[in-house]
Structure formats: structure tokens, C-alpha cells
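Reader: Hello! Could you show me the model, so that we can go through its side chains together?

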Amino acid sequence: MVSVSISGKRIDEWNFGLEPDARVGAELIFNGQVRDSEKDEKIGALVYEQYEGMAQKELERIGSEAVERFGVIDLHCVHRIGTIPVGEAAIVVLIRSVHRHEAFDAMSWFMDELKKTVPIWKVGSMR
């Protein structure tokens with residue numbers, strides 16, 4: 001199962017409302033937080049924008065490809081847009097699989113592909 005979304009709201013729920021699954025031996029969560037510096041300057045927040053419609057479609061495509069390519073049970077992702085203060089999540093990804101190595105491989109590939117292909121970008125920072 002793949003679920004991906006883009007939101008302008010704070011990401012507070014990381015369990016994605018998932019039911020227990022007896023096949024799951026590994027659950028891996030990546031929480032990409034805004035840190036307090038960008039390009040060696042102190043900041044208070046980052047600002048993200050998206051190419052509306054296209055970003056969602058590309059997230060769905062790479063999420064489905066990760067599930068197929070690495071044989072994971074499911075992948076769930078929320079990517080935030082707008083102004084995101086330091087310490088808050090810009091992205092949360094949860095991957096469940098039978099074994100840990102599939103989850104680690106899928107997460108690494110998914111995040112690399114997201115950075116390369118999904119039209120969501122930092123447009124600035126705020127102090």
C-alpha cells in the first residue's frame with residue numbers, strides 16, 4: 001500500500017492510522033526536520049513550495065516504484081509545504097517490510113529519488 005500527501009499543516013501523526021500487520025518485521029520512520037542553519041546562517045524557518053498537482057503525482061509514482069522494487073509492504077509519506085519552523089518536520093516517511101534491509105534500501109532510494117524528481121523546493125528561509 002502506498003499513501004503520499006502534501007500538506008501545509010504541521011505533521012503531528014506518524015503512525016498514519018495503520019492497522020497491525022503480522023507480516024511486518026520492520027518499521028522504519030524518517031523524520032526530516034528543519035535545522036537551525038542554512039548555508040552556514042542561522043534561521044528560524046524554511047519556506048517550501050510545490051508544483052501543484054505534479055508534485056503529488058511524482059510522489060505517488062516513486063512511492064509505488066519503491067514498494068515494487070524493494071518488496072516492502074507499504075510506504076507512507078507526508079511532505080510539508082509553506083513556512084516550517086526550526087525543529088518541525090518537513091517530511092515524514094514510514095516504510096514497513098518483512099525484513100529491515102528492504103526497509104532501509106527502500107527508504108534510501110525513495111529519499112534520493114524524491115530529492116531528484118519531485119517538484120518541491122526550498123524558496124527561502126526566515127530568521
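Reader: Which residues make the nonpolar surface patch of about 390 Å²?

Author: Happy to start there. This is a predicted model, in which local features need pLDDT of at least 70, side-chain atom pairs count only at pLDDT 80 or more, and totals for chains, interfaces and linings use all residues. Residues are numbered from 1 along each chain as its sequence is written, and side-chain values use heavy atoms, with hydrogens and water left out. Patches are made of residues with over 30% relative accessible area and no salt bridge, like charges being joined within 9 Å and nonpolar side chains (Val, Leu, Ile, Met, Phe, Trp, Tyr) within 5 Å; the areas come from the Shrake-Rupley method with a 1.4 Å probe, and for residues only the protein chains shown count as cover. The patch is made by Tyr 51, Met 54, Trp 121 and Val 123.

Reader: Where does Tyr 51 lie?

Author: Helices (H or I, at least four residues) and strands (E, at least two) are DSSP runs, numbered from the N terminus. Tyr 51 is found in the loop between strand S5 (45-50) and H1.

Reader: How many salt bridges does the structure hold?

Author: The term needs a side-chain nitrogen of Lys or Arg within 4 Å of a carboxyl oxygen of Asp or Glu. With that cut-off, the count is eleven.

Reader: How many residues apart are Glu 38 and Lys 122?

Author: These two form a salt bridge, with their closest N and O atoms 3.2 Å apart. The pair links distant parts of the chain, Glu 38 being in strand S3 (residues 37-38) and Lys 122 in strand S9 (residues 120-126). They are 84 residues apart.

Reader: Is Glu 58 buried or exposed?

Author: Glu 58 meets Arg 61 in a salt bridge (2.6 Å, N to O), and both lie in helix H1 (residues 54-70), three residues apart, about one turn of the helix. Buried means under 20% relative accessible area, exposed over 50%, and partly exposed in between (1.4 Å probe, protein chains only). Arg 61 is partly exposed at 37%. Glu 58, at 13%, is buried.

Reader: What separates Arg 69 and Glu 65 in helix H1?

Author: The closest N and O atoms of their salt bridge are 2.7 Å apart. Arg 69 is partly exposed at 48%, and Glu 65 is partly exposed at 25%. Because they are four residues apart in helix H1, what separates them is about one helical turn.
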